[in-house]
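The sequence and the model are shown below.

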Amino acid sequence: MRFKWTSVVLIISLHLATAFGQSDPAAPFVFTPPTFTEADKNQDVRVDRDEHGRIIIDRFSARDLNADGQLTVDELPAETFSIADEDQDQKVSKKEFMRFRFGIFEQFDKDSNDSLDREEYLRWLDSQ
Ligand SMILES: [Ca+2]
Ligand SMILES: [Ca+2]
Ligand SMILES: [Ca+2]
């Protein structure tokens, strides 16, 4: 039965990918990053590392389709996968994913104060 369910999910996934005209194997991935106000939990008008970490974890969970706590090649775009899988064990752990995403966070943290102000956050949002 397990095998059959896997097949059904695969077929649905492939069907969705075709319906949207995408060949991206991670097509069923749906994640909408929070607005600045939503992300700034403590309302100090910046999104710090703790607050950004929550977004990364939510994104990880949305990517982790089989919920096994690891991202495999079918759960990430190939380019992202090859960069994020630092130990090259063909899985991207939560730790690896955090490091990868915080690397992006740091690129957008122009004044290097370990948080994104509204302007920096909106630029980051645009790139997502
Ligand atoms: Ca904040
Ligand atoms: Ca997974
Ligand atoms: Ca890995």
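## Contact between H3 and H5

His 52, Gly 53, Ile 56 and Phe 60 of H3 meet Lys 94, Phe 97, Met 98, Arg 101 and Phe 105 of H5; two residues are in contact if their C-beta atoms, placed from the backbone, lie within 7 Å. By class, the residues of this contact are five nonpolar, two polar and two charged. Ala, Val, Leu, Ile, Met, Phe, Trp, Tyr, Cys and Pro count here as nonpolar, Asp, Glu, Lys and Arg as charged, and the others, Gly among them, as polar.

Helix H3 spans residues 49-63 and helix H5 residues 94-108; they pack at an angle of about 130 degrees, and their axes are 10 Å apart. Axes are lines fitted to C-alpha atoms, for helices over the stretch in contact, and angles run from 0 to 180 degrees between N-to-C directions. H3 and H5 are therefore oblique to each other, given that angles under 35 degrees count as roughly parallel, over 145 as roughly antiparallel, 65 to 115 as roughly perpendicular and the rest as oblique. The crossing of H3 past H5 is right-handed; a crossing has this hand if the near helix is turned clockwise from the far one by less than a right angle, and is left-handed if anticlockwise.

## Basis of the model and overall fold

This is a predicted model, in which local features need pLDDT of at least 70 and side-chain atom pairs count only at pLDDT 80 or more, while totals for chains, interfaces and linings use all residues. Residues are numbered from 1 along each chain as its sequence is written, and chains are lettered from A and ligands numbered from 1 in the order in which they are written.

The protein chain has six helices and four strands. Helices (H or I, at least four residues) and strands (E, at least two) are DSSP runs, numbered from the N terminus. Their order from the N terminus is α-α-β-α-β-α-β-α-β-α. Of the 128 residues in the chain, 15% count as buried. A residue is buried if 20 or more other C-beta atoms lie within 10 Å of its own, exposed if 12 or fewer, and partly exposed in between, with C-beta atoms placed from the backbone. Among contacts in the chain with a separation of 6 or more, 42% are made by residues 24 or more positions apart.

Helix H6 covers residues 118-127, and its residues Glu 120, Tyr 121 and Trp 124 are buried. They are on the same side of H6 because they cover an arc of only 100 degrees around the axis; the arc is that of the directions from the helix axis to the C-beta atoms. Glu 119 and Asp 126 are exposed on the other side of H6. The cover over the buried residues of H6 includes helix H2 (36-39), strand S1 (46-48), H5 and strand S4 (115-117).

Two further residues of H6 are Leu 122 and Leu 125. Leu 122 counts as partly exposed because it has 14 C-beta neighbours inside 10 Å, and its C-alpha atom is separated by 9.6 Å from that of Phe 108, 14 residues apart along the chain. Leu 125 is partly exposed, with 15 other C-beta atoms within 10 Å. Leu 125 and Pro 34 are 91 residues apart in sequence, yet 8.6 Å apart in space from C-alpha to C-alpha.

Asp 117 belongs to strand S4 and counts as partly exposed, with 16 C-beta neighbours inside 10 Å. Neighbours within four places in sequence aside, Asp 117 is in contact with Val 45 and Arg 46. The C-alpha atoms of Asp 117 and Arg 46 are separated by 4.4 Å, although these residues are 71 residues apart along the chain.

Ala 84 is part of helix H4 (residues 78-84) and is partly exposed, with 19 other C-beta atoms within 10 Å. With neighbours within four places in sequence left aside, Ala 84 is in contact with Leu 76, Val 92, Glu 96, Phe 97 and Phe 100. Ala 84 and Arg 99, 15 residues apart in sequence, are 7.8 Å apart in space, C-alpha to C-alpha.

## Positive phi in two loops

Most residues other than glycine have a negative phi. Val 45, which is not a glycine, has a positive phi of about 60 degrees. Val 45 lies in the loop between H2 and S1 and counts as exposed, with 12 C-beta neighbours inside 10 Å.

Ser 112 likewise has a positive phi, near 50 degrees. This residue is found in the loop between H5 and S4. Ser 112 is exposed, with 7 other C-beta atoms within 10 Å.
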